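Subject: A structure for you to look at

Hi,

Here's the structure I said I'd pass on. Have a look at it first, then read my notes below.

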Amino acid sequence: MSGFKLVGIAGSFNRPSKTLALVRHVAERASIRYGFASKTYDLHDIGPSLGSALWRKDLDEQGKRVIDEIVQADALVIGSPTYKGSYPGHFKHLIDLIDPQELRGKPIIITATGGGDRHALMVEHQLRPLFGFFMAHTLPTAVYASDRDFTDYTVSSDPILGRVGEVVGELAAFFPGANPALAAAE
């Protein structure tokens, strides 16, 4: 193991969830390539205190633990369902509970899901600026997947699998020594 930790967070409450499936897929690919320890969460994992918390200190222990894991991670995979052209309010509320300095310089893979191509630019127009405010390093390749890119909540589209491979490769700039044998084998 490289000693690095990756955390995936899907901005969805739904289970099963295509957003969570995409985030898990990306996190698993990165973990395999670089030897990361990884965990993946959705909004359900944060718990019921998310909706009533005005500040991070207002979260219950479960919510605080998940946010601590997010900010302590060496890299993040962020995924959001598209809701009326943007990310859902509870997802944004979760991100609002994080101090901007805690994500500064952190590499972030941004992903999103939606019903069709109409919302494909959500990753560029909504997620990239959001994490730009935090001065995080959103990787150049973003992954947007629509309903047709999944089979039974599993990523099945060759173009999406290709984009996932591209963005996972981009993490090498931040973790050049992590599992070099696996990187060379790809």
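Predicted model: local features only at pLDDT ≥ 70, side-chain atom pairs only at ≥ 80, totals over all residues.

Twelve of the 17 residues of α1 are buried, so the helix is largely enclosed by the rest of the structure. The buried ones are T19, L20, A21, L22, V23, H25, V26, A27, A30, S31, R33 and Y34. From its first C-alpha to its last, α1 reaches 24 Å, close to the 24 Å expected at 1.5 Å a residue.

Next, look at how α1 sits against another helix. α1 covers residues 18–34 and packs with α6, residues 158–170, at an angle of about 45°, with the two axes 10 Å apart. That angle makes α1 oblique to α6. Their crossing is right-handed. On the α1 side, the contact is made by L22, H25, V26, R29, A30, R33 and Y34, while α6 brings in I160, L161, V164, V168 and G169. Sorted by class, that contact has eight nonpolar, two polar and two charged residues.

A112 has a relative accessible area of 0%, so it counts as buried. Leaving out residues up to four places away in sequence, A112 touches L22, S80, T82, M122, V123, L127, V143, Y144 and A145. A112 and V143 are 31 residues apart along the chain, and their C-alpha atoms are separated by 6.5 Å.

Cheers

Methods:
Residues numbered from 1 in each chain as written. Heavy atoms only, no water. Axes fitted to C-alpha atoms, helices over the stretch in contact; angles between N-to-C directions. Helix = DSSP H or I, 4+ residues; strand = E, 2+ residues; numbered from the N terminus. Parallel < 35°, antiparallel > 145°, perpendicular 65-115°, else oblique. Left-handed = near helix turned anticlockwise from the far one by under 90°. Contact = heavy atoms within 4.5 Å. Nonpolar A, V, L, I, M, F, W, Y, C, P; charged D, E, K, R; others polar. Expected span 1.5 Å × (residues − 1). Buried < 20%, exposed > 50% of the residue type's maximum accessible area, 1.4 Å probe, protein only.
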